[in-house]
Amino acid sequence: MALRIIPFEDYYIKEKCVLTCVSYEDRSKLVLEKILDTKKITSCVLIKLSDLFEDKKPITTLSSKNEDDLVRESWINNYNEIRDLLTRNNINLIEIEGSSSDIFSLAKKISDALPVDEKILFDISSFPKYLLLEILRWNENKKFICIYARPGIEREAETEFSIGTKGIGVLKGFEGSIRFDRVNIMVLILGFEGARALTVFKHFEPAKVFAFLGNSLGFFSTTTNEFYIDNAKRNNSQLLSNQRVIIDEISALDPYSVKEKLDLTISNYSSKNDANIIISCLGTKPQTLGLFIYWLQNKHVQIIYSTPSKRRISSKGVGPIWVYKIKELLHE
Amino acid sequence: MELLKKYPQLIKNIAEHNSLFFLGAGVSKFAGMPDAVELSNILGQDLLQHFTKTKQLDQLDKIEQNLHILDEIAKYYFNIFGENSLKNKIAEIIELTQRKANPSIFEKITLIPRNDIITTNFDTLLESKFSSLKDISVIWEDKHLINNHPLKYNIFKIHGTYQDSTSIKILKEDYAKFKKTEVYKFLFSLFKTKTLIIVGYSLNDSDFHDIFEESISVWPNVEIYLVIQNFDPLIHTSWQKRGARIIEGGADSFFTDLVDSVYTYTQEALPEEIQTVPKGEIKKEDQNPFKFYTTDGLNPDQFIELYHTFVPPEYSDFVKLYSIDKHHILQSGRGTGKTVILRGLSIENLLINNIKTNFVGFWIPFSTSFLGCVKRESDDTDNEYYKFFASYLAILTVEKICVILTECKDKNHLFFEKANEEKFVSAVLNDLKIVNENADIPTLTNEIIAIRSEYHTAYDRKSFHIKDPLYLRTFLKRLSILHDYFKEKYFFIVLDDVHFMDLNQKKVLISFLSHREYPLSFKIGTSREFGVYTDFFGATIQEGKDYETVYLDRVFGKKGFEDYKKFLENLANIRLETFKQTITIKELLPQGERKKGEYYNGFDVYAILSSQIIRDYITLVKDTIYYAYPQISTQYVKLEPIPPNVQNDVIYTKSSIHLKDIDAAGDLRKDVLLLIETLGKLFKQILEKSKQISPNKEIRTAAGIDIKNFHNLDPRIEAALNKAVELQLLQIPFYFRIRQKTETPLFGVKFHKLLIPYFRLKLGYRYPRQVEASALNRIFDSPEKFVADLTKTLEENEPESDAAQMEIEYLVT
């Protein structure tokens, strides 16, 4: 397969089923609109992580809204709009609701609901990364065509990404092979949320960390690429200044390149068989795809998740959209 | 600072040590030293006297005509009296006038961050103003070049010094010789990379002008600033042609402005990294004696190396851990030596160091990697989870013991008879119903790891077959088959980093602890309060009866700062000796003069700034060494005293880095930052007020608060306070005395000492200020008003005596 990543405009949709999720950001809704415009889709599996947005008190007046209210309100609006959109287009809707505290069961439910023998369009843009990994693991044999949309407008300031960490844990199914007689080497694929990455680092206190900054060269202009790298560097400056951290770059948008980079970096250690490899992806969804592809051939690594203590709308609209033929990627 | 407003880049270059000063005769003249014309005049008078006395009256006119031209007069002097007389005469003039000079301008120069200095002055006013020779190297001959050091103020006296009259350069021949020296070549090369700042330049500084002209023809992009009182485009044309920026002003006002500008710059822009600290794993070739600063990632050999030099075994209260009749919970924050002490109880360490004990310990470090895979499922009953996790805990412990035994066998710490090993392994395999014909310890270890891994993927707990939760006891008994060493021994299961356990897992551990059964006891390390004292079935453990808590971060609180210092000095000197250094820590970190913006140097200061966190002390020294001697990360370097100004640079950077830990506060970042910054401003205000009230009194800093009526505290403030304590930005003080005149209980917090440099506070510590919780609640609404109100209130209620309520602290004089 020569072409692994295709601009959305160049992809001719043949799939009948789309897998997407409700989000407090509008990306999944906007991407769904574009997909439905092609008139090929007949069914939609819609995921709701509704526990994140349960709140006792109702959203009242504008003046009383805090950030949590805004996020919740946005999520509810997007949910209603997606439902309307699907109804207007006569799409068969399969809603799957689950809890963020039990991603494992949710991923299994999703797997059960997805058609077995046909290709599925999977809009990964708004899925939590750890749910994305779990879905991919449960559906190793299914054929996904993944779609990823960059945000239209993104927040930049370091403080806007200062989100705390509610919990850090080992992702079920990705426990890996961990032994007392090996040192812990951590691989952190960094995003803009420096606080979360720093918390993960401080939680594990590994002997050595490979910290990867996302490089989107080939997808964006040099200036835009530098802008992303500089942002990530600035937001993660405290982590990156640590002596145990080795800084490198990794593709932000090409999963196969991510897989290759992980292979290259980690093989130095795994060949010696003297390290527990612990990986956390705080970067983009395509990087998460790359991590999954890497994991398929390296199941001894442990993948950990960190859940944010709160949600914050950090982007608006959609930017460029790419299509990733995941099945081909896996088999290359 | 008007003079330098337009030149931010100049300030930056000076602050970052990228500049080269030229101090001409104009600077010394300001101090009252003779300039070239005056010097020429004095020499000329000698000549006039001589020619009058010898009646060579035809010479008098010549001398009088050239009296203001030093070159000419010096030449006459040389021809009449000879070279020695000429140079001795100059030395004599300089020595005499220097005694009466006013060197205040040079004091200002010493307040500027270190940069290389070229001077044509013969006097020693500049170097004498540096309090000691720790920070400077004075170079006037090739043989002195060896003293040139990037971390010192290198003073190049290109006309020599009056203290060595033969070095004085006054004749044309002297200058010609100078151009052939290594010093000349070295200075020539400096122009390539440095910003040149010329102060007090006069036309008589012609040989400096020559170096400059020659170098600029090779490196035309030299950035130049010319500081001059009366700029004359006719006289200074060549400088202007070369693109020099002209700063019109006197040398004295220039240096006054410069000191303030650089001070402001360094306050506003602290670097966030020490670039020379090597990244990644600690390498064997790294010769920094402080390279091991944490136990994380250390293999057993490295740990042994660290063990002697981090927390020596004889140290303080933790020996209580050796007692066999109780469990112990060792509670302290990161970096206080908890893991070193606990790991020190482990069998490998006892054997290698030949420590005779009646117990044998096995150190088991927990982490989310292990514990995160075996959390309670939503449909687990209490009993089901107890059995599952207790069984896991037992197997995990057995696994770690097997790993340790493998290590002991491989490294010959303990010799196992083959027959005994086979018998032991067969018994354990049999207990666990494992079939494997290879009855050796590595095989057993792999089998146990395989069993333990099954627990990690036991998603269906109901059908998962667990091992006996109480198997650990049987296993420990089996050890006596393996080796006599284990006979008649008490067993310590040393569980480290137990704070990674969640509530349910801790409840299971309580079941282990409440079920006392000799010879087994648990030694537990946690960085946070254990918090759970009852198991799933109602069994409890009681402090004093079942267990003791040891607070490692309070050990020095009882004994005082002097003990802490002695302890640090000891461990540092052991490290230095281990790495074949002959210098002591006090020699390595000499204390300099406390001058503006430069208060943080000397061994004592390092000890204070570590805030009783041993790891912070080690890290401070480690990074100072990497900064001063970058090459030490790859090869042996003989350590010599690190100049005080360099220590100061490192401390400021480390202080800035420490504050950046606020990033880990997540969504509380904004609140924690506001809290810390507001408290910083409050303490600074109090300090400034104190200086105004008692300018002659020794000023100490309040860097802590005692919160009255804590129950009234706003939850948002409380959350920020707790987070700041968790991040070790704030510390909860240990009080020596019971406070007097206190009606309600107080909750105290104080700055980690490493924040003191960031806020430019004093190291001398003053009692914490009492603040009503209700007043603190206003901090987020209007921090400026909070600071203003509190400063006023605290001034009005200034207690009479500091000593009555002083926390155990210290003063740096």
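**First stop: a ring pair**

Select B:Tyr385 and B:Phe389: they sit 4 residues apart in helix α18 of chain B, which means about one helical turn separates them. Helices here are DSSP runs of H or I with at least four residues, numbered from the N terminus. An α-helix has 3.6 residues a turn, so residues three or four places apart point the same way.

A word on the ground rules: this is a predicted model, where local features need pLDDT of at least 70, side-chain atom pairs count only at pLDDT 80 or more, and totals for chains, interfaces and linings use all residues. Residues are numbered from 1 along each chain as its sequence is written, chains are lettered from A and ligands numbered from 1 in the order written, and side-chain values use heavy atoms, with hydrogens and water left out.

Back to the rings. The centres of B:Tyr385 and B:Phe389 are 5.8 Å apart with the planes at 10°, so they count as stacked (rings of Phe, Tyr and Trp, the last by its six-membered ring, pair with centres within 6.5 Å; planes under 30 degrees apart are stacked, over 60 edge-to-face, the rest tilted). Both residues are buried, meaning under 20% relative accessible area, with over 50% exposed and partly exposed in between (1.4 Å probe, protein chains only).

**Next: the core**

Select A:Leu19, B:Phe362, B:Phe486 and B:Ile676, which touch the most other members of the largest nonpolar core, a set of 252 residues. Such a core is made of buried Ala, Val, Leu, Ile, Met, Phe, Trp, Tyr and Cys joined through side-chain atoms within 4.5 Å. Helix α18 (residues 382-410) of chain B gives the largest share, 17 residues. Zoom in on B:Phe362: its contacts (heavy atoms within 4.5 Å) beyond four places in sequence include B:Ile401, B:Leu476 and B:Phe486.

**Then: a covered helix**

Select residues 614-628 of chain B, helix α27: at 1.5 Å a residue its 15 residues should span 21 Å, and the end C-alpha atoms are 21 Å apart, which agrees. The expected span is 1.5 Å times one less than the number of residues. In α27(B), 14 of the 15 residues are buried.

**Last: confidence**

Finish at residues 799-813 of chain B, where pLDDT stays under 50. Where pLDDT is low, the predicted coordinates should not be read in detail.

Definitions and conventions. Helix = DSSP H or I, 4+ residues; strand = E, 2+ residues; numbered from the N terminus. pLDDT = per-residue confidence, 0-100.
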